[in-house]
Amino acid sequence: MLKRNVLLIIIFCSLLSQLFSSQEKQKNEDQQKINLLLNETTDSDYLLAIEKVGEILQSAYINAEFTTDVYLLFGDIDNTSKNLDIILRSIKAANLNVRNQQMYYTILQQLKTKLDDQSKLINKQDSIQGKIQDQITSLGKDKTIIAFAKDTLRQKQFTKELLALGEHYKKTSGLLSENAKLLNEKKRKILDNKTAIFNALQTVEERLHKSEFNLLRKEYPLLWKTETSVVKNDLPANFTEKIKVEKEVTLYYLNHITGRLIAVSLIILFLLLYINANLRYLRKTGYISNLEKLSFNFLNQGALVPVLVLGIHIIILKNLSAPAVFTTLLHFVLLVSVCFLFRKNWQKASMGNWLFLIAFFSAFSFINLFVPVSFLERCIFILINAGAVYYIIKQLKNADNNLFKLSFFRWAGFFFICFGMLSIIFNLFGRVSLSHTLSLSATVALTYVIALSVLLKIIIEIILLQIYRIRVQRGITAIFDHKSLSDNLKTPFIIITGYMWFLVTASSLNIWSGIQSAITNLLSHPVSIGNFTFTMGSVILFFALIWMAHLLQKYVAYFFGEIEEEDEENINKSQHSRLLIIRLILLIGGYMLAILASGIPLNKLSIILGALGVGVGLGLQGIVSNFVSGIILIFDKAIQIGDIIELNSQKGRVKSMDLRTTKINAPNGSEIIIPNGSLLSQNITNWTYTDNLKQIEISFSLKGNATPEDINQIIHKAIANVPLAEHSRSCQIYYNTLSKDNFGILIKFWCSIYRTEEVISDTKQNLFTYFETNNIEVVI
């Protein structure tokens, strides 16, 4: 047993000795490798390594410096914090105006999105700084640098270079440390702002929900149960506080939409310069007085106020969620501008009615914004409402009132009466907020109808001014049929202005956001038919774009001074050709844009095109042929608008050309509609292809004592006194028969093809007169 234990001890000791010897051997080998590397590395290798470290540190320092965009981002973050502080102070001031709360909610959502973008940019910049730090850290893994760190003799040899590297490293690491501190500070500020926005959004949402609930329940006691005593000391304090809050919110909002206001101002300035240029040209040429014959009411008085009205409408539509004071001021300025425009057109009674409506609007707005709710306030509000309703009813019954004769204004008047009566009822039963909203909305709806009618008239006058200015430039000063043209232009603009009225009225009722949300959900809801999925919004957008394309191609000619009832001698054929090309581009572009906007997949589009191909092959080849022929005629220019053509014994003037048909006015007043395929496939005589001249012939006989020389002289003199004849081309005289005192004569000369019958008549009269004067009998 003893021998066995001794044997085990001897074996264990031998294993330990082998293990220690192997570890020592491995250590010696590693040391030998390092020594070998130190022995093999030369001074030039160390210099290259030092240069490499210096270049990396220098590059890291340059890349670590913040660019101008980063400092702009920092400024934007600070500016966002300041704006957020203003909003938070306004929210804490307990300003429970619904429009302001809606504005707070919209701006907070915008600030939230902006903070998300700022956070992404800050994280991106932080990632760049981290990559630079990793690049510096990776230097510690370079074998040459490791070897140099262990070689103390060589370090003494490159002391100067190492000191320079140390300065570079200290400078770069300090910059990275400072940048990291600044980035962390901005991250913390963004995080604090996000937290503040989250809490503020909760507060605003609760207030909006409470205001919606208050509209349906009784906020205050019944009027006859309300405490009639009012603490006088509280009224000035509440009034001053409300004014301060509204002023601060409005100033912030103005600062918030500065860019938008500048853009609108530039548009308005450009439009003002454009209109003034047209008016100045007409004034210079002496045709400015003809604007009254075109039924101008506004632009002939000056362009400043009409353009201001147009600009206010744009600002109102772009700021539906603006603060109540801002919106009220915009409406007030709009109403005063309309009053100024009608100062020469309205009678005293109509002007008095309009001023009365402005006074109503001002009173309702002031009470709604600044006067605290009390027994006295509710009584005054009811009296104002009752007076307004009575006044509108009385004016609607007055047959001599020009303002209330307008059908749309009467309709808005009934709207005002209904809302005014509801406002009185709700006020009596304690629903004061709803009462205020209905009264103000009724006044806005009534006055905004007139403002929109003025806007419609201003837009039509701008288009008519453009048409007349270009016609005067072309030498056409006659007044065209502007009434029918205005009626054609009104249809699309009435739709637009009607939508604007609904938008502003719904916004004043504080229901537009809910309607907009419901419409958005409805239009974005996906509908599936088999494997094809679409939304109602994409379908409506598809047809809306096609409708707009057809509308633009129909009215684009007006902007070039072209109208349908054009004087046939003053037609600019080249311009008409360009207009046809523009119309074609608008139609093709509109259809392509509609297809892209509808979101139809390309594989489904190929199926639709295949189905159209089958339809063309089965029965639509005639329509496609006419369409292609129309495109060829547009670019070939063999036939243009205004040409006199003859086809199959049918002669007339080309009135209009579109992609499918061409309309021709016959001499007897009838209109001939010819498919473009027929025009392209048959022989056509174009009398005005090169010019508008036509050679006419007149035959007559003479009897009397005269020589051919005398006869020729009389004929030339007679034709020279025909003003409509073309005198640049010589007259040709032919003698068909000759005998003593008897002559048969044929004359040929040129005139405008549009005045042929008139020239023939004038020429015959002149020939008869001149020959009779010379005692020569003539039979024509």
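**Overall fold, an open sheet and a surface patch**

Buried residues (under 20% relative accessible area, against over 50% for exposed and in between for partly exposed, with a 1.4 Å probe and protein chains only) make up 40% of the 780 residues in the protein chain. The model is predicted: local features need pLDDT of at least 70, side-chain atom pairs count only at pLDDT 80 or more, and totals for chains, interfaces and linings use all residues. Residues are numbered from 1 along each chain as its sequence is written, and side-chain values use heavy atoms, without hydrogens and water.

The protein chain holds 24 helices and 12 strands. These are DSSP runs numbered from the N terminus (helices H or I, at least four residues; strands E, at least two). Contacts are heavy atoms within 4.5 Å. Of those in the chain with a separation of 6 or more, 75% link residues 24 or more positions apart.

Five strands form an open sheet, in the order β6-β5-β4-β3-β7, with antiparallel pairing. The edges are β6 (671-675) and β7 (685-686); each has a single partner strand, so one side of each lacks a neighbour in the sheet. Pairing requires at least two DSSP bridges between two strands. Five bridges join β5 (residues 661-665) to β6. Thr662 stands opposite Ile674 in β6.

A nonpolar patch lies on the surface, formed by Val624, Phe627, Val628, Ile632 and Leu680. Patch residues have over 30% relative accessible area and no salt bridge; nonpolar side chains are joined within 5 Å. A salt bridge places a side-chain nitrogen of Lys or Arg within 4 Å of a carboxyl oxygen of Asp or Glu. Helix α21 (residues 602-636) gives the largest share of the patch, four residues. Ile632 is in helix α21. Ile632 is partly exposed, at a relative accessible area of 40%.

Terms used. Patches are made of residues with over 30% relative accessible area and no salt bridge: like charges are joined within 9 Å, nonpolar side chains (Val, Leu, Ile, Met, Phe, Trp, Tyr) within 5 Å. Accessible areas come from the Shrake-Rupley method with a 1.4 Å probe; for residues, only the protein chains shown count as cover.
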